[in-house]
Amino acid sequence: MVDSPLITDSTDLINDDVDNGADTSATEPAVKPHLILALDYGVKKMGMALGNSITETARAFDILAMNNGQPDWDNLLGIIKVWGVAKVVVGLPLNMDGSSSMLSKRAHKFARRLAHRIMEQHLPVTVSLCDERLTSVAAREIAWDNGWIQNERDPIDDISACILMSTYFADPNSSIAIDAIKAD
């Protein structure tokens with residue numbers, strides 16, 4: 001790094017506060033950006049998107065293969081650890097009238113299992129459910145319009161996860177923490 005009075009290393013700033021005996025408890029705590037992982041749950045595959053809580057933006061991340069609704073747990077937990085995810089938002093595929101479907105019950109069960117496995121790993125990650133109605137329809141339309149898919153069977157699950165993340169960012173209070181939900 002070039003020596004310049006305008007460019008400082010953040011450790012110098014921290015050390016200066018400690019060395020000068022500055023009282024940092026009176027200052028506002030720095031806002032830490034958090035990565036949020038959105039999961040578009042499915043029985044055969046699950047779309048993933050990463051979102052940033054500061055910029056409230058999301059990007060398609062990956063599509064995980066599922067084995068009858070079960071992921072490779074080690075892989076999924078590894079992604080959460082390596083990326084430093086602070087929150088996981090699992091899409092809840094409700095019927096258009098808001099009632100539960102067979103898939104929404106499976107997604108809910110998956111979210112409970114994920115929360116339990118995260119707890120077993122002692123990770124500081126919360127899991128919540130968020131309504132994902134029509135995300136796949138919107139994702140397919142966006143993918144067609146942008147030329148990202150050439151065939152109606154091309155996967156759009158990661159794009160659906162991005163839309164789920166946008167829904168979450170638009171109204172974070174609409175998601176429900178998994179520990180607040182009574183088991184079905």
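This is a predicted model: local features need pLDDT of at least 70, side-chain atom pairs count only at pLDDT 80 or more; totals for chains, interfaces and linings use all residues.
Colleague: How many bridges join strand β2 to strand β3?
Modeller: Take β2 (residues 45–52) and β3 (residues 57–65) as an antiparallel pair. The number of bridges joining the two strands is eight.

Colleague: Which residue takes a positive phi in the hairpin of β2 and β3?
Modeller: Look between the strands, where the hairpin has four residues. The phi in question is near 50°. The residue that takes it is E56.

Colleague: Is C130 buried or exposed?
Modeller: The relative accessible area of C130 is 1%. The cut-off for buried is under 20%. C130 falls under it, so C130 is buried.

Colleague: And C162, buried or exposed?
Modeller: C162 has a relative accessible area of 16%. That is also under 20%, the limit for buried. Therefore C162 is buried.

Colleague: How many disulfides does the structure hold?
Modeller: A disulfide needs two cysteine sulfur atoms within 2.5 Å. The number that the structure holds is zero.

Colleague: Which helix gives the most to the lining of the largest pocket?
Modeller: The pocket has about 320 Å³ of space. Its lining has 21 residues, with D40, Y41, S136, I156 and D157 nearest the centre. By class, nine are nonpolar, three polar and nine charged. Four lining residues come from the top contributor, residues 135–146, which is helix α4.

Conventions: Residues are numbered from 1 along each chain as its sequence is written. Side-chain values use heavy atoms; hydrogens and water are left out. Buried means under 20% relative accessible area, exposed over 50%, partly exposed in between (1.4 Å probe, protein chains only). On a 1 Å grid over the protein atoms alone, a cavity is a set of points where a 1.4 Å probe fits but cannot get out, and a pocket is an open set with protein on both sides within 12 Å along at least five of seven lines; lining residues have an atom within 4 Å of a point. Grid points are joined across faces, edges and corners, and a volume is the space filled by probe spheres set on the points. Ala, Val, Leu, Ile, Met, Phe, Trp, Tyr, Cys and Pro count as nonpolar, Asp, Glu, Lys and Arg as charged, and the others, Gly among them, as polar. Two strands pair if DSSP finds at least two bridges between them.
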